[in-house]
Amino acid sequence: MPQATFRIWRGDAAGGELRDYPTEVSEGMVVLDAVHRIQAAQAPDLSVRWNCKAGKCGSCSAEVNGQPRLMCMTRLSELPLERPVTVEPLRAFPPLRDLVTDVSWNFAVKQTIRRFRPRAPDAPDGTWRMAQSDVDRVQEFRKCIECFLCQDVCHVLRDHRKFDGFAGPRFLVHVAALEMHPLDTEDRTEDLRRAHGIGFCNITKCCTRVCPENIAITDNAIIPLKERVADRFYDPLVLILRWLRGPRGPQT
Amino acid sequence: MPAWEEHEHDVVVIGAGGAGLRAAIEASAAGASVALVCKSLLGKAHTVMAEGGVAAALANVDERDNWMVHFADTMRGGQYLNNPRMAELHAKEAPERVRELEAWGALFDRTPDGRILQRNFGGHRYPRLAHVGDRTGLELIRTLQDHGIHQGLQVFMECTVVALLRDDGRVAGALGYDRERGRFHLWRAGALVLATGGIGRAYKITSNSWEYTGDGQALAYDAGAELMDMEFVQFHPTGMVWPPSVTGILVTEGVRGEGGVLRNKDGRRFMFDDIPEAYRAQTADSEEEGWRYTQGDKAARRPPELLTRDHVARCIMREVRAGRGSPHGGVFLDIAWIRERLPHAAEHIRRKLPSMYHQFRQLADIDITQQPMEVGPTTHYIMGGVRVDGDTQMSTLPGLFAAGECAAGLHGANRLGGNSLSDLLVFGQRAGRHAAAFAREHGRGAVDGDAAAAGMRCALEPFERGAGGENAYTVQSSLQETMQDLVGIVRREQELLRALELIGALRERAARVGVAGHREYNPGWHTALDLHNLLVVAEAVTRAALLRRESRGAHFREDAPGKVEALGKVNHVVRRGPDGAMAVAAVPLPPLRADLAEVIQEMR
């Protein structure tokens, strides 16, 4: 059986190092299989998160040869195996142990987003009517598996560490799913501008490129939200009207 | 310094898949303070893997559907070993539970007039599964998660419960550890809800993730509650068979619902060769009629690919054993053929089955719009579990409730596709409501600190043996091979007896497992602790299978291929005997009310 070397980051919050693990590889294997093989035979305490192994739960996010990927969906056949494959934890988040990082910040951010608030039901039996065409665009956002690869690669978080003022692409997608939901009546525009810091995003589209669900994060979620914020807060006509009518002027 | 961190709640829910989340939401809405303890991060539970849909007689697509038809379908699918009260409540309440999800933000696919669309599925007489493409489970768990986080639940992520604590005749708390630091936690509770899912990891080929080690079943058993119907393990007929590393990953029944057909290596649609008598009247005579059914023709009957899962899985096994299988030991599942019937078929397939398209493209280099898939049976679900009261979901231990896959009763000898998502909504809600009521009425029990300390010592023992002990992963994979080879789809008495011997030997090895390193996020330790649960459920499945000397539903005995009338009147109940050994006994089925018997008769 052919061999390959996996150069895996071992360590914790205090620091760590890359360690080499040569292991046998076989046809069809993915990076997560190799990590499991190493865990079972050489390093039983190697920490890694995983669940579904089918790209549906978003648990096994890591940086493979420097690229943010789901380990369960990264086939060895697409990697150059003549040199070691590096496997590192997501670098935007604090390391806990080995490939496991502390992603609790993401759960805290979600908590700050105003919940879904539907309009009154359309039919006397308490149900709603929605056209598939209106549902389609929100269904794209709801494909998100919360792997946080987009958060990992976003330079606002990764390099500029704006964890206090920016929600990150994942949660802008979440807000977009709520704001564009055909039934929702809540208004999150002010939150987008202030608490969620949408202005920090300068549309480099790194998030879109790494999304394993192929959600057009920037084009379909963030840009339309930016337009809403701009229409509300920066439209010159609206500003004049607001000035004429006082602070609670008409809102587009 | 205390050995553990203590928490006090009215209701503690263990497991945060659909059933656990729904139970937690309901208990919280009833005014209880609720802790939700889950083995993984929130929103990652196996519910995300459910693809096809949630069964509910909304009658949006076919107005002939109603709770009685759904009830009768569920009972027929379960070969009448189901708890009829649960099947009744499930059929009656599922529509309301689905509509409620929509009020919480779920976005199901729509009918042309804007209502929730429903699709065909095996064993359901009418199109009944509300769905979102083939990612219905994700929609469901995300909706519950996003609703739940605003309900004031206290969520303990990446925590595993290792023992339940009793106060005399009732449950009083749970002991567990967190993965991050390896610290122990003790939750004192008025009531506990088990919602830990299945046991798939007891088998080598499974669609289940590492979490599904029978925790709820084993915790309940160890605490003195009863298990039931453990012999009924569902092998989903269509799992991936190639490449080897993805063996067992699920291929949704939705593929067949959309017109996908099963063929052997000779191109024959072998499912037409063996149609069980009970389903003959409902099954298509010709390929043509089957196709029309999948396209919504109400006059047509379903194709044999949509017969119940147990039957389809055995037919696939038969083809493979007879040498008519595909190159990698499965059969062919072909959806690409529909291009002969539909314009823009490739686009249609990608829209209806996006994650299947994605999964095969990325993991197997197969374009399902152009090529057939190779599929074979995979361990998917256990119909059996904790024995509960049909109305309240309380186990035989007061204060301990169970819902979803870890509870028994709704599905009998075989579960219909789509009935698990509705199960966890309906009975998650009921368990949460009744757990909150129990906690309100009885308050919290006293926790025995000595028992908790003993539980903790036991959990830490593997560290004392260190790297010199047995390797936990090796013991786990030996158990998986044993169950796969000897207690699989086709069972024989000699093999079951052999499996019991091997399980006994593995129990001794498990007692010698050693773990190196420390307690912080150490998967070797976690695997070692899961072994006990896996061994309990493996033994329960094997003993119940041994006692059921007949073939019924998902349980097939090659040495007793027919049904035995007397065994159709009993469930097998597993409990710890007075001598500490596992005991299995046949108990009569719960009585069937006359009005429900009439419904079944009418729908034959």
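**View 1. L227(B) and its partner across the strands in a predicted model.** In this predicted model, L227(B) stands opposite V574(B), a residue of strand 19 of chain B. The two strands concerned, strand 10 (residues 227–228) and strand 19 (residues 570–576) of chain B, run antiparallel and are joined by two bridges.

**View 2. The open sheet of chain B and the helix that packs on it.** Four strands of chain B, in the order 15-10-19-20, form an open sheet with antiparallel pairing. Strand 15 (385–386) and strand 20 (582–588) of chain B stand at the edges with a single partner strand each, so that one side of each is left without a neighbour in the sheet. Helix 16 (residues 523–547) of chain B packs on this sheet, where it touches strand 10, strand 19 and strand 20 of chain B, and the direction of the helix makes about 50° with that of strand 20.

**View 3. The pairing of helix 14 with helix 15 in chain B.** The axes of helix 14 (residues 472–486) and helix 15 (residues 493–510) of chain B come within 10 Å and cross at roughly 175°, which makes helix 14 of chain B roughly antiparallel to helix 15 of chain B. From helix 14 of chain B the contact draws on V475(B), S478(B), L479(B), T482(B) and L486(B), and these meet residues of helix 15 of chain B including L496(B), A499(B), L502(B), I503(B) and L506(B). Sorted by class, the contact between helix 14 and helix 15 of chain B has nine nonpolar, two polar and three charged residues.

View 4. P84(B) belongs to helix 3 of chain B, which covers residues 84–103. With 25 other C-beta atoms within 10 Å, P84(B) is buried, because a residue counts as buried when 20 or more such atoms lie within that distance. Leaving aside residues up to four places away in sequence, P84(B) touches M75(B), P590(B), L592(B), R593(B) and L596(B). E319(B), by comparison, is 235 residues from P84(B) in sequence and 35 Å from P84(B) in space, C-alpha to C-alpha.

**View 5. The contact between chain A and chain B.** The contact takes 46 residues from chain A and 48 residues from chain B. On the side of chain A that touches chain B, the elements giving two or more residues are helix 1 (31–41), strand 6 (95–97), helix 2 (104–111) and helix 3 (132–142) of chain A. Helix 3 of chain A gives the most to this side, with five residues. By class, the side of chain A that touches chain B has 21 nonpolar, 13 polar and twelve charged residues.

Note on methods: Residues numbered from 1 in each chain as written. Chains lettered and ligands numbered in written order. Predicted model: local features only at pLDDT ≥ 70, side-chain atom pairs only at ≥ 80, totals over all residues. Contact = placed C-beta atoms within 7 Å. Nonpolar A, V, L, I, M, F, W, Y, C, P; charged D, E, K, R; others polar. Buried ≥ 20, exposed ≤ 12 C-beta atoms within 10 Å, placed from the backbone. Axes fitted to C-alpha atoms, helices over the stretch in contact; angles between N-to-C directions. Parallel < 35°, antiparallel > 145°, perpendicular 65-115°, else oblique. Pairing = 2+ DSSP bridges.
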